[in-house]
Amino acid sequence: MCGIVGYVGGKDAVPVLFEGLQRLEYRGYDSAGVAVITRGDLKVHKRAGRVDGLIATAPKRLRGSVGIGHTRWATHGKPTDANAHPHVDSAHAIAVVHNGIIENALELRATVLADAVFTSETDTEVLAHLIAAQPEKELEEAVRAALLLVEGAYGIAVIDLRQPDRIVVARNGSPVLLGIGKGEHFVASDASALVRHTDQVVYLDDREMAVLEADGFRTFTLDAEPTEKRPTTAPVSKTAYDKAGHADYMHKEIHEQPVAVERALSGRLNRRFATAHLGGIELTPRDVLALRRIKVLGCGSAFYAGLAGACLIESLTRIPADAETASEFRYRNPVIEPATLYIAISQSGETFDTLAAVQEIKRKGGSVLGVVNTPGSTVARECGSGIYLHAGPEVSVTSTKTFTSTVVAFALLALHLGRIRDVGPADGGRLVRALEALPGQIAEILAGEDAIAETAKSLAAASSAFYVGRVRGYHVALEGAQKLKEISYIHAEAYPAAELKHGPLALVSESIPTVVIVPDDHMLDKNMATVAEIRARSGPVVVVTNSPLSVPGVDATLSVPTTEPELQPILLGIPLQLLAYHAALALGRDIDKPRNLAKSVTVE
Ligand code: G6P
């Protein structure tokens with residue numbers, strides 16, 4: 001979703017902004033732009049479409065020592081040149097980039113800004129006019145006064161022709177961080193934008209502002225109270241943003257899974273006591289014994305990983321556990337119980353609905369544990385305690401390695417909680433050994449990519465597909481269908497296998513393939529019956545299984561190694577990522593940047 005980058009210092013800002021925008025592309029966007037101040041002139045260059053197009057059409061003499069840039073993901077108004085950021089005031093002196101939504105924009109347009117001439121349909125332009133309406137004030141004061149009038153979420157960066165030595169930034173609900181350099185300063189919505197320039201960052205808190213100049217920065221609250229901020233080291237590695245020989249990030253990230261899982265497990269397995277040790281969890285054994293329920297929250301793939309995670313927890317701890325989408329949870333006025341452990345999952349740590357759910361739980365006296373990939377992110381900081389995935393940055397919009405690592409993190413948590421409650425040392429040891437074997441087993445599945453790619457060709461020819469499974473297999477089916485629809489645009493729906501005959505079977509035919517998840521467990525026979533049901537209607541079937549038995553009459557079987565039943569979803573999910581990847585590849589899709597989707601959804 002929208003990205004911000006800004007620069008003030010001795011260099012030309014334009015290349016810094018362009019490179020930052022390219023690094024933010026993965027968040028998903030549909031237009032982009034920059035504004036720089038050069039020799040008494042505010043120059044804005046913005047357009048609908050990709051950053052490459054923006055760079056290719058940039059005027060030759062676009063340069064400046066201060067500038068801001070933006071990638072926009074349309075919310076208010078279509079993705080047009082006019083609606084792209086930065087937005088300027090009528091005098092063309094102030095330029096603003098903004099992530100988030102100004103909720104009272106229409107009201108402000110009709111009242112305090114009734115005389116202003118608007119050139120876009122965006123809520124952001126309101127900010128430019130509001131700031132310009134205070135010409136007697138210093139820029140930071142004018143921005144502060146404007147922000148006191150607006151309702152909603154924002155991360156903003158502002159430059160002003162009259163004070164060309166600074167950028168003013170503010171945050172309320174949308175991430176903003178400052179990059180600290182020598183004789184230069186940066187602003188970004190995401191540390192990845194600054195990876196080539198500095199790893200020293202300052203995260204702004206909600207209702208906090210900053211003034212950045214070449215030689216320093218100041219922070220203060222929206223009430224003008226100064227705040228003390230110390231730079232920390234951003235956890236971004238330069239190599240995470242290289243494709244390392246892969247055609248795209250999704251392929252790279254799929255293949256990083258053995259290493260990502262190894263990192264999720266590293267230092268956390270305790271063979272002696274046949275348990276898992278998780279340093280970021282502050283629950284005492286007594287707290288664990290007092291737990292009556294576990295509630296897992298997340299959005300998209302994080303929610304699906306949460307379903308698998310809740311199932312793992314319930315089976316190993318015998319504590320009732322379930323997962324719900326964070327958006328539904330926060331709006332249904334949920335009962336918050338003291339004996340419930342709430343767990344929020346977020347790869348980015350910035351998903352608005354997940355963050356809002358965490359805040360709602362905390363407001364009602366509950367405590368939340370975070371399962372997060374991005375260190376220092378808002379959800380991680382808001383939760384205070386939790387489990388980091390250590391999967392490294394995930395750049396492709398669609399989640400692969402972080403889905404797998406999240407389920408692994410839940411396996412560790414379930415083992416940890418289970419060993420305090422219901423799981424004996426023999427059972428614990430069985431799971432520790434199985435967890436240790438996962439990286440090698442995932443590598444084995446990835447080595448079979450060519451066969452999976454072959455199967456994907458038949459899927460690519462379909463316009464619709466079903467994914468079905470039972471219990472653990474159902475969670476795998478949900479994520480598999482999500483992958484296919486996200487990146488190939490083939491319509492894909494997941495059902496619990498037994499639900500087929502309650503509706504979807506009406507659609508099963510020669511032209512609609514079904515992917516059936518068949519774990520080698522006590523429901524093997526039932527899953528075989530599901531396959532027979534589909535075959536009887538001439539539906540093509542792809543089976544994903546760890547059973548040594550061959551399922552008769554199917555079009556393709558994708559086999560994965562055997563593991564303990566609780567961990568099967570982790571391995572069964574991997575071929576589905578490759579299946580979706582190769583179907584999308586065969587269809588020539590823009591795999592890392594699927595249409596209309598964003599990596600990090602920082603608005604409602
Ligand atoms: C977006 C992404 C999904 C992701 C979801 C939750 O929709 O496209 O891949 O699963 O957000 O993101 P989070 O960062 O909270 O895990």
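**Basis.** I am working with a predicted model, in which local features need pLDDT of at least 70, side-chain atom pairs count only at pLDDT 80 or more, and totals for chains, interfaces and linings use all residues. Residues are numbered from 1 along each chain as its sequence is written, and side-chain values use heavy atoms, with hydrogens and water left out.

**Ligand site.** I asked which residues come nearest to the ligand. Of the 13 residues around the ligand, they are Ser346, Gln347, Ser348, Thr351 and Ala598; a residue is near if one of its heavy atoms lies within 4 Å of the molecule. By class I noted 5 nonpolar, 7 polar and 1 charged residues in this shell. Here Ala, Val, Leu, Ile, Met, Phe, Trp, Tyr, Cys and Pro count as nonpolar, Asp, Glu, Lys and Arg as charged, and the others, Gly among them, as polar.

I then looked up distances to ligand oxygen atoms. For Gln347 it is a backbone N or O atom that lies 2.7 Å from a ligand oxygen atom. The side chain of Ser348 has an N or O atom 2.6 Å from an oxygen atom of the ligand. The protein buries 90% of the 390 Å² that the ligand exposes when taken alone (Shrake-Rupley method, 1.4 Å probe).

I also checked the space taken by the ligand, and this is the largest pocket. A pocket is an open set of points on a 1 Å grid over the protein atoms alone, where a 1.4 Å probe fits, with protein on both sides within 12 Å along at least five of seven lines.

**Arg144.** I found Arg144 in helix H5, residues 139-147 (helices are DSSP runs of H or I with at least four residues, strands are E runs of at least two, numbered from the N terminus). Is Arg144 buried or exposed? Arg144 counts as buried because its relative accessibility is 15%; buried means under 20% relative accessible area, exposed over 50%, and partly exposed in between, with a 1.4 Å probe and protein chains only. Its side chain makes a polar contact with the side chain of Glu141 at 3.1 Å. A polar contact is a pair of N or O atoms within 3.5 Å; within protein, one must be able to donate a hydrogen and the other to accept it, and residues adjacent in sequence count only if both atoms are side-chain atoms.

**Backbone.** I noted a cis peptide bond between His85 and Pro86, with omega about 0°. Pro86 sits in the loop between strand S4 (66-72) and strand S5 (87-88).

Asn333 is not a glycine, yet its phi is positive, about 45°. I placed Asn333 in the loop between helix H10 (326-331) and strand S20 (340-346), and it counts as exposed because its relative accessibility is 57%.

His390 also has a positive phi, near 55°. His390 lies in the loop between strand S22 (385-388) and helix H13 (401-420), and at 38% relative accessibility it counts as partly exposed.

**Ser377.** I found Ser377 in the loop between strand S21 (368-372) and helix H12 (378-383). Ser377 is buried, at 2% relative accessibility. Its side chain reaches the backbone oxygen of Thr374 at 2.7 Å.

Terms used:
On a 1 Å grid over the protein atoms alone, a cavity is a set of points where a 1.4 Å probe fits but cannot get out, and a pocket is an open set with protein on both sides within 12 Å along at least five of seven lines; lining residues have an atom within 4 Å of a point. A molecule sits in a cavity or pocket if more than half of its atoms lie within 2 Å of its grid points.
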